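We will go from stop to stop.

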Amino acid sequence: MINEKSNMLLVTRREKIRFLIDYTIKQIILLNRLVSKSINYYTSQLSLLTSQMLNRLVNSFSLVNKANFLVTSLVNKANLGVLYGHKGGV
């Protein structure tokens with residue numbers, strides 16, 4: 001009888017340990033999924049922000065080029081005016 005009780009206690013301890021191991025593995029899997037989703041989300045957000053920043057940078061360069069073209073045109077007109085004797089340039 002004592003042997004049976006100790007065997008039953010051993011079986012229940014083993015079951016508890018198996019349950020805890022299974023539960024821990026499931027929690028690790030869930031945590032891994034959550035971390036993976038978080039990494040994917042933040043990576044996509046970072047990619048989107050980087051793309052937006054690059055687009056703004058390209059737009060800024062475009063504006064600088066337009067301004068440079070306008071200034072160059074004005075300087076050329078002023079130089080032509082000086083060349084042909086018009087006072088005041090433009």
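Is Y23 buried, partly exposed or exposed? Y23 is partly exposed, with a relative accessible area of 43%. Buried means under 20% relative accessible area, exposed means over 50%, and partly exposed lies in between (1.4 Å probe, protein chains only).

Before moving on, note that this is a predicted model: local features need pLDDT of at least 70, side-chain atom pairs count only at pLDDT 80 or more, and totals for chains, interfaces and linings use all residues. Residues are numbered from 1 along each chain as its sequence is written, and side-chain values use heavy atoms, with hydrogens and water left out.

F19 is exposed, at 53% relative accessible area. F19 and Y23 sit 4 residues apart in helix α1 (residues 2–83), so about one helical turn separates them. Helices are DSSP runs (H or I, at least four residues), numbered from the N terminus.

**Now look at the rings.** The structure holds 2 aromatic pairs. In F19 and Y23, the ring centres are 6.2 Å apart and the planes meet at 20 degrees, so this pair is stacked. Rings of Phe, Tyr and Trp (its six-membered ring) pair if their centres lie within 6.5 Å; planes under 30 degrees apart count as stacked, over 60 as edge-to-face and the rest as tilted.

**Select Y41 and Y42.** This aromatic pair is edge-to-face, with 5.0 Å from centre to centre and 75 degrees between the planes. Y41 is partly exposed at 46% relative accessible area. Y42 is exposed at 56%.

**Last stop: I29.** I29 belongs to helix α1. The residue is partly exposed, with a relative accessible area of 40%.

Key:
Helices (H or I, at least four residues) and strands (E, at least two) are DSSP runs, numbered from the N terminus.
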